[in-house]
There are 2 protein chains.
Amino acid sequence: MSASIQSFLIERKTVIESLLPSHIERLNAPEKIKKAMLYSLNAGGKRLRPVLVLAVLNSYNKEESIGYPVACAIEMIHTYSLIHDDLPCMDNDDLRRGKPTNHKVFGEALAVLAGDGLLTESFRIIAEQEDVEAQKKVLLIAELAKACGVEGMVGGQVADLEGEGKALTLSDLEFIHEHKTAKLLAYSIIAGAILANAAEEDILKLKKFAFHMGIAFQIRDDILDIEGNEEVIGKPVGSDTTNQKATYPSLLTMDGAKKKLFEHQAKAKEILHTLSISTKLLEDFCDLVVSREY
Amino acid sequence: MSASIQSFLIERKTVIESLLPSHIERLNAPEKIKKAMLYSLNAGGKRLRPVLVLAVLNSYNKEESIGYPVACAIEMIHTYSLIHDDLPCMDNDDLRRGKPTNHKVFGEALAVLAGDGLLTESFRIIAEQEDVEAQKKVLLIAELAKACGVEGMVGGQVADLEGEGKALTLSDLEFIHEHKTAKLLAYSIIAGAILANAAEEDILKLKKFAFHMGIAFQIRDDILDIEGNEEVIGKPVGSDTTNQKATYPSLLTMDGAKKKLFEHQAKAKEILHTLSISTKLLEDFCDLVVSREY
């Protein structure tokens, strides 16, 4: 993995983190809900999804700035999903990235509403972007709704909840992760491609690339929960085992999970090689996802 | 109030209720979440918001069918808000329209997700409508997000929660109802006007009309909670008093609340008279809101 992807990630993460609060601060709404939304939005994270939008635009030699609104919208959707997932009725988590979860600070009612608010505003940000044609915005909105609604992320969370305490097959596990994680990661890539005027053929290929990278992302997550360094990943390792959660290592052994991880990495990169653009950045991104330590 | 508005309402309600399930049934998602969404969507209600979209199109002599997708999207947003409002962490209601609330049947986690899903799909329905220009769809989506996000309905619910157990002023109460109720009712009217190619000037007037009708709607709700017939309204009367909720009658006396109701009705109808279209249907709609028994 090259140093350049690391600096790309750090630089764009800084840009995104400087833009995110403005989408909330400008709103004419009760201060308390804005504070709750900002709390989770400013709580850090890798910001992989918004940076992916910019990486795709960069790969197509387009101005990255045209992707800022959608990138922020995606991070807001991701944040809403974390707030709702952490609720007592869902995963009942008290800590997220080492900080108290939203409902621990603001109470459950406000946490539900902060999530609802982030979800709603994200669609508005895309609809209100001025320098993108209406036809593209409509496509971006429809694809986002598909990626994060019941056919995507919400559906994955439902399957995850339904699977709790049950013996899952590999295909059950893949359904959960494809929907809960990979679809929104894939959307980041597709959104970048739509904004870059990529050919329909490229978009289809990038969707396949995104699927493999998304699953690889999740397998790496499962591996880090066993082999990771608590201080580096910022959360206790072994929580999946404690919670008896089905994971790739638990279903395939650690060696089998790593083999699967590398298979998805290889497939993802193979697809990139069939694109006509320079894919060095996306290849590095894929390597980063596979080898990341947190 | 004429008989024609009653038959208009009943006929269009039937159309909307026949269309709503199809937006969920076609989704490729876990059956359980579709069931939870359909349960609340099919639980009845006056369907005033979607019918208003059609009433505006009818007033502009346009095909009402062009408003079906947006009308369904609005009813889905309204339904999501009821599901989340009923949650134990919010109003903690066990019954809605005489039936167990969503979380009572499906559990809290699925109720949160059914709400999230309905909210998300509603944006998709508008984005995917085929016979409307992209520019209009973008406007419909941006206005919907404003009406139901933290600047609108969600913000109103926040203010409502914050006001619990406090002595509210009339202006506090108006803020809550303008945001929690009137903004989405107003959106129904604006959406109809956008689809009907109404002039910008008309849309501004209709927004004012919608504000007065929305507040009138809420005052009538407060009055019915005291003077209503339990069997007709389908819920116990006096719940606002029991819950020590600030209402128009509690702040203004019953006579004062009725005076305020008629003031808003008069202002709403006055604005209609300045429009160039035939406003008989909207006038009747306004009268219906003011004199309804449930």
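Let me begin with a definition: a residue counts as buried under 20% relative accessible area, as exposed over 50%, and as partly exposed in between, with a 1.4 Å probe and protein chains only. By that rule K146(A) is partly exposed, because its relative accessibility is 29%.

Now the ground rules. This is a predicted model, in which local features need pLDDT of at least 70 and side-chain atom pairs count only at pLDDT 80 or more, while totals for chains, interfaces and linings use all residues. Residues are numbered from 1 along each chain as its sequence is written, chains are lettered from A and ligands numbered from 1 in the order in which they are written, and side-chain values use heavy atoms, with hydrogens and water left out.

I start with how the two chains are arranged. Chain B is superposed on chain A by a rotation of 180° with 0.0 Å of shift along the axis, and the RMSD is 0.0 Å. Contact here means heavy atoms within 4.5 Å.

Next, the interface. How many residues does the contact take from each chain? It takes 46 residues from chain B and 46 residues from chain A. The size of an interface is often given as the accessible area lost when the parts come together. Between chain B and chain A the buried area is about 3,800 Å², and carbon and sulfur atoms give 75% of that. This is the accessible area, with a 1.4 Å probe, that two parts lose on being put together, summed over both.

There are 4 salt bridges between chain B and chain A. A salt bridge is a side-chain nitrogen of Lys or Arg within 4 Å of a carboxyl oxygen of Asp or Glu. E151(A) makes a salt bridge with R124(B), and the closest N and O atoms are 3.0 Å apart.

On the side of chain B that touches chain A, the elements giving two or more residues are α2, α4 (68-86), α6 (108-128), α7 (134-148) and α8 (153-163) of chain B. Helices (H or I, at least four residues) and strands (E, at least two) are DSSP runs, numbered from the N terminus. Which element gives the most to this side? That is α6(B), with 14 residues. By type, the residues on this side divide into 27 nonpolar, 8 polar and 11 charged. Ala, Val, Leu, Ile, Met, Phe, Trp, Tyr, Cys and Pro count as nonpolar, Asp, Glu, Lys and Arg as charged, and the others, Gly among them, as polar.

Now salt bridges in general. Over all chains the count is 48. In one of them, R96(A) and D86(A) meet at 2.8 Å, N to O. This pair links distant parts of the chain, with R96(A) in strand β1 (residues 95-96) and D86(A) in helix α4 (residues 68-86) of chain A, 10 residues apart. R96(A) is partly exposed at 28%, whereas D86(A) is buried at 4%.

Two further pairs lie within helices. K146(A) and E143(A) form a salt bridge at 3.4 Å, N to O. They are separated by about one helical turn, because they are 3 residues apart in helix α7 (residues 134-148) of chain A. E143(A) is buried, at 15%. In chain B, K34(B) and E31(B) meet at 3.7 Å, N to O. These two are also about one helical turn apart, being 3 residues apart in helix α2 (residues 31-41) of chain B. Is K34(B) buried or exposed? K34(B) is buried, at 7%, and E31(B) is exposed, at 57%. There is also a network of salt bridges, which links K13(A), E17(A), R47(A) and E75(A).

Y80(A) is in helix α4 of chain A and has a relative accessible area of 1%. Leaving aside neighbours within four places in sequence, Y80(A) has contacts that include L118(A), M153(A) and, from chain B, D116(B). H177(A) sits in helix α9 (residues 170-195) of chain A and is buried at 10%. Not counting residues up to four places away in sequence, H177(A) touches A182(A), I215(A), Q218(A), D222(A) and Y248(A).

Definitions and conventions:
Copies are superposed by least squares on the C-alpha atoms of residues with pLDDT of at least 70 in both.
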